[in-house]
Amino acid sequence: MSNNKVGFWILTALVVGNMVGSGIFMLPRSLAEVSSPAGSVLAWAITGFGVLMLALVFGNLALRKPELNGGPQIYAKELFPNSPVLSVLSGFMSSWGYWVGNVAGFVAVITTFSSYLSTFIPAMKSSAVWFSIGTLDIKTGNALNFIVCSLLLWATHALALRGIEGAGKMNLIATATKVIGFMLFIIIALFTFQEANIGPFAAPHVNEDGQTVGLLSQVNSAAVVTLWAFIGVESAMVFAARARRKQDVKRATIVGLLMALVLYVGISILTMGLLPGEQLIHSQNPLVDAMTAVLGPIGGYLLAALGLVSLIGSTIGWVLLSAEVPYEAAKQGVFLRPFRSVNSKGMPKLSLWISNALGQLLIFSTISGSISQAFDFIIAIATLAYLVPYLISALYQLRLVITGDGYRPGERRHWDGLIAVLATIYSAWVIYAGTADWKTFWFGVLMIASGIIFYPLLLRQLRSKA
């Protein structure tokens with residue numbers, strides 16, 4: 001493990017690569033569905049500020065509690081220091097929900113890759129029936145999407161098994177490529193922006209049921225959508241145990257967040273001015289369609305190629321992240337012991353196999369519906385699963401500030417306290433906003449609660465160890 005460490009730039013690439021993945025390609029459409037331009041701008045402002053507070057919390061915790069590695073969910077066990085049972089239960093359930101949310105995250109990236117590959121392989125959009133299983137008709141396009149998604153998943157799996165340094169370098173190259181490409185997109189969009197496509201900035205938004213939605217409700221809905229863009233801001237923190245220097249974790253988190261914020265806000269707002277609202281809502285590839293409208297077919301192909309490179313890098317980062325979460329949790333004693341097993345490269349082999357097998361199950365969602373439907377379903381059930389660990393991290397930071405744990409005697413901590421309060425308020429608000437859609441809320445709850453069936457196994461291994 002000592003030779004398998006990563007530095008600032010690879011950590012930053014993991015942060016940017018995991019945030020700037022599927023969301024940047026599909027969120028312009030998702031936002032157009034739930035809010036007016038005014039609602040989207042307000043949601044970005046609130047989400048950007050809230051996630052900045054969370055990023056500062058993550059960075060501070062990495063320095064104050066360097067022995068607690070593995071991600072924001074790991075702090076759940078520290079909230080109950082005087083109750084071993086509650087400590088293990090909260091740590092396990094939080095780690096479980098966060099892990100399953102990560103698996104859903106890389107499936108969202110993989111399905112978006114398939115969507116952009118269809119630009120070059122039109123058969124992947126075919127609605128012709130290939131074959132039938134009982135009453136289920138398998139369309140040619142859906143079957144091809146399933147095959148492509150599965151191949152990308154297991155190719156990434158093979159790469160990850162060879163070590164984090166090599167996979168991290170590939171992710172770094174892909175991330176640098178997409179940052180340059182998306183900055184060029186923003187520059188082109190600034191010169192070709194059509195204000196008429198946006199319409200009235202604060203026009204009333206009408207939902208799919210024909211009901212007018214007020215600005216506050218639009219912001220609530222858009223806030224859950226925009227939060228998906230920042231899922232992965234904690235990536236450097238998850239890999240803290242593999243960082244050469246702990247200071248790099250905080251620096252990579254802040255720098256990565258600011259880079260992603262510029263790209264997301266610029267692209268999501270400017271895309272609204274490149275495509276009419278109705279076309280944007282029904283687009284399977286919003287950025288490709290936007291560049292095609294501006295530069296013709298060649299623009300669409302160039303953007304699609306950039307998307308493929310970007311999404312390959314994001315897939316690498318997300319698969320690494322998903323495997324690291326239960327591995328680090330097992331090392332902390334709040335996950336099943338077999339997940340601690342590693343191969344000769346120091347990679348968590350069992351965790352990789354099980355994470356990717358779960359991902360393969362979710363990829364089956366591409367068989368019966370469109371890629372955009374699969375994307376919306378996956379981010380709906382994943383986003384709220386992340387919010388609980390985020391809220392736990394903010395609460396734990398608040399606890400450290402109050403008790404002084406992790407601080408030197410007399411060290412000032414009021415600034416950290418203010419950040420922790422703001423991060424707590426933001427996390428609680430987004431959870432509240434998410435409950436407006438009860439389907440989304442209950443899927444998120446079920447993802448976390450589903451792990452309870454494995455909790456007795458954890459208790460049994462802890463008793464046997466005792």
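**A friendly look at burial and surface**

Q: Is Gly59 buried or exposed?
A: This is a predicted model, where local features need pLDDT of at least 70, side-chain atom pairs count only at pLDDT 80 or more, and totals for chains, interfaces and linings use all residues. Residues are numbered from 1 along each chain as its sequence is written, and side-chain values use heavy atoms, without hydrogens and water. Buried means under 20% relative accessible area, exposed over 50%, and partly exposed in between (1.4 Å probe, protein chains only). Because its relative accessibility is 0%, Gly59 counts as buried.

Q: Which helix holds Gly59?
A: Helices here are DSSP runs (H or I, at least four residues), numbered from the N terminus. Gly59 is found in residues 37-64, which make up helix 3.

Q: What separates the C-alpha atoms of Gly59 and Thr253?
A: Along the chain, Gly59 and Thr253 are 194 residues apart.

Q: How many residues of helix 1 are buried?
A: Among the buried residues of helix 1 are Phe8, Leu11 and Met19. Helix 1 is mostly covered, and its buried count is 11 of 12.

Q: Is Leu302 buried or exposed?
A: Leu302 has its place in helix 13. Because its relative accessible area is 57%, Leu302 is exposed.

How values were computed. Helix = DSSP H or I, 4+ residues; strand = E, 2+ residues; numbered from the N terminus.
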